[in-house]
Amino acid sequence: MFDTNELVINMGPQHPSTHGVLRVILRLDGERVIGSDVVIGYLHRGVEKLCEHRDWAQIVLITDRMDYVAAASNNLGYVETVEKLMSIEVPRRARYIRTILAELQRIASHCLWLGTHAMDIGAMTVFLYAFRERELVLDLFEEYCGARLTYNAMRVGGLPLDIPPGWDRKVRDFCDILGPKVDEYEQLLTHNRIWLERTRGVGVIPGEDAVAIGLSGPPLRGSGIPRDVRKDEPYAAYAEFDFDIPIGAAGDTYDRYLVRIEEFRQSVRIIRQALDGLPEGPILGKVPRLIKPPAGETYHAIEAPKGELGYFIASDGKSNTPYRFRVRPPSFCNLQALSRLIKGHLVADVVALIGSLDIVLGEVDR
Amino acid sequence: MSEPPNPPEGAGGRPAGEGKSEPLAGQAPRAGAQPPASVPAAAKPPVAGKSAEQAKIAALPAGPPDPPPPADTPLPGFISALQTALAGAVTHVSLWVGDWSIVVPASRLLDVAAHLRDTPGALFDFCSDVTATDWPPRADRFDVIYCLYSTRLRHRVRVKVRVADGVALPSVTGIWPSANWLEREVFDLFGIPFEGHPDLRRILMPEEWQGHPQRKDYPLEGPGELLLESPADWLKVKAAREIE
């Protein structure tokens with residue numbers, strides 16, 4: 001016998017397409033989602049509390065563990081916030097290298113997003129392709145700092161290490177490799193009939209609503225809002241480079257895909273310019289041996305691969321630890337939109353929409 | 001808000017020796033959880049740790065410095081417009097390392113928020129972040145901080161509201177829907193209730209959790225899950241750690 005009862009199903013926290021330990025409680029009418037509740041917190045480690053008990057230099061490596069597929073971006077956001085509190089001038093060479101690292105990180109993060117997102121929808125090949133290129137970025141990071149995932153790659157005031165000899169050559173080679181590979185991804189997906197059916201018109205959010213609900217990064221730009229912290233409030237060395245901010249029009253999963261694909265190319269463009277203009281000079285500014293910012297508080301945001309990554313840090317000026325350490329994680333704020341996006345769609349689209357928001361639960365839960 | 005803001009057991013409240021056991025300070029007894037029959041003798045008298053902890057809390061600063069802007073720096077247009085439009089709504093203006101922030105009384109928060117979002121020249125349509133800071137020695141011990149940004153005019157401001165423990169703030173979810181989860185997080189980690197919030201539940205901590213971890217009087221190393229599951233084992237672990 002058929003009836004029209006609603007069905008409540010539980011997706012996650014152990015589910016391969018929730019990209020970690022996300023749990024979504026779905027209320028279904030047939031295959032259609034009519035309501036949902038997103039449950040998070042399974043990976044909560046108390047990063048903010050922990051950082052309030054560690055001294056300023058030790059925190060850099062805790063930030064690695066938040067968005068663990070974009071550790072360098074997390075490092076960059078934190079060290080820049082402390083530099084802002086202490087009014088430290090960072091040498092130009094350090095700012096250039098930071099920009100290169102942050103953009104390489106964006107490429108690695110987008111490769112991971114593309115591979116897993118496409119695999120959720122059923123395109124297995126892209127996963128293998130994208131991870132092949134991500135591997136090259138990880139090799140570059142390994143050569144720079146010895147680590148492949150949690151880099152601890154920055155210091156307050158500059159960088160711990162200068163680039164190894166010949167590294168810039170390798171980054172250039174990688175840029176040459178990546179360009180044609182991105183075209184290859186596009187050949188697999190952009191005009192693929194199945195891909196279009198699965199992504200076009202799925203999870204549409206108009207620009208005004210996207211701003212109101214707090215989306216940032218590629219999901220916001222996919223809705224046609226040209227907002228990018230790198231352009232609007234330039235940090236590191238972004239003010240000195242020429243690059244474009246891709247935006248979408250429809251605000252659906254397909255546009256969010258196109259925006260990220262174009263960001264690959266823009267990142268390559270920024271890296272090339274940074275390598276061409278890489279200045280000589282010191283890599284660490286004038287930093288006191290004991291980092292102790294004066295009393296005060298500040299909020300500083302950067303454009304992480306997933307959106308606006310903000311740090312709100314308060315110092316009491318006396319102790320060696322931050323008085324208040326707060327992270328505004330882009331994944332957390334973007335995930336908030338999920339309930340709204342999946343309403344009215346099929347269960348199979350839920351995985352597509354989780355993928356299109358590009359969340360990392362290490363950052364959502366902290 | 002239904003549950004009392006109970007801080008869990010601090011570093012101090014360790015059990016007395018001689019085979020007797022105190023109830024865990026501040027921890028609501030769970031049905032079926034038997035107090036441990038015997039616990040190892042504590043290394044130090046129980047009172048000393050507690051008062052040391054309290055003295056540490058009392059020595060914390062009583063608020064951020066919030067320096068006012070230098071006399072020769074003009075206020076941004078949206079702050080002066082706000083002061084004219086809503087007299088008395090801005091009690092303090094501060095400029096520090098290039099960030100403008102204003103302090104607003106809790107009763108005027110919604111007026112200020114609506115004004116900042118809708119007035120031409122302000123247009124703060126993007127609520128980046130809602131967070132809080134705990135200053136225990138102050139009477140209104142919490143600062144709730146709203147980090148606002150305008151996607152059209154590309155400027156930022158921080159709005160700060162001071163609130164005492166247990167007092168509810170009006171929710172700004174009606175003005176910025178993005179504040180929904182952010183306010184839930186502040187409620188979860190600081191125990192500040194928000195009136196008019198559509199769905200005020202804990203978000204990061206388990207629903208049955210006692211206490212609010214981001215408060216300054218909440219210890220870094222708490223009892224954790226072991227206490228929920230087996231208080232007797234936890235006391236043994238804790239006592240062994242203290243003897244070391």
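## Sheet in chain A

A:Leu7 stands opposite A:Leu28, a residue of S2(A). The model is predicted. S1(A) and S2(A), the latter covering residues 23-29, pair in the antiparallel sense over five bridges.

These strands belong to an open sheet of three strands in chain A, ordered S1-S2-S3 with antiparallel pairing. S1 (7-11) and S3 (32-39) of chain A are the edge strands, each pairing on one side only. From one strand to the next, the twist averages 20 degrees. Helix H14 of chain A (residues 347-357) lies across S1, S2 and S3 of that chain and runs at about 150 degrees to S2(A).

## Interface of chains A and B

The contact takes 46 residues from chain A and 49 residues from chain B. About 4000 Å² is buried between the two chains, and carbon and sulfur atoms give 55% of this area.

Ten salt bridges are found across the interface of chain B and chain A. In a salt bridge between A:Asp232 and B:Arg154, the closest N and O atoms are 3.0 Å apart. Across the interface of chain B and chain A there are also 30 residue pairs in polar contact, with both residues at pLDDT 80 or more.

## The chain B side

On the side of chain B that touches chain A, the elements giving two or more residues are strands S3 (126-134), S4 (142-149) and S5 (156-163), together with helix H4 (179-190), of chain B. S3(B) gives the most to this side, with eight residues. By residue class, the side of chain B that touches chain A divides into 29 nonpolar, 13 charged and seven polar residues.

How values were computed: Residues are numbered from 1 along each chain as its sequence is written. Chains are lettered from A and ligands numbered from 1 in the order in which they are written. This is a predicted model: local features need pLDDT of at least 70, side-chain atom pairs count only at pLDDT 80 or more; totals for chains, interfaces and linings use all residues. Side-chain values use heavy atoms; hydrogens and water are left out. Contact means heavy atoms within 4.5 Å. Buried area is the accessible area (1.4 Å probe) that two parts lose on being put together, summed over both. A salt bridge is a side-chain nitrogen of Lys or Arg within 4 Å of a carboxyl oxygen of Asp or Glu. A polar contact is a pair of N or O atoms within 3.5 Å; within protein, one must be able to donate a hydrogen and the other to accept it, and residues adjacent in sequence count only if both atoms are side-chain atoms. Helices (H or I, at least four residues) and strands (E, at least two) are DSSP runs, numbered from the N terminus. Ala, Val, Leu, Ile, Met, Phe, Trp, Tyr, Cys and Pro count as nonpolar, Asp, Glu, Lys and Arg as charged, and the others, Gly among them, as polar. Two strands pair if DSSP finds at least two bridges between them. Axes are lines fitted to C-alpha atoms, for helices over the stretch in contact, and angles run from 0 to 180 degrees between N-to-C directions.
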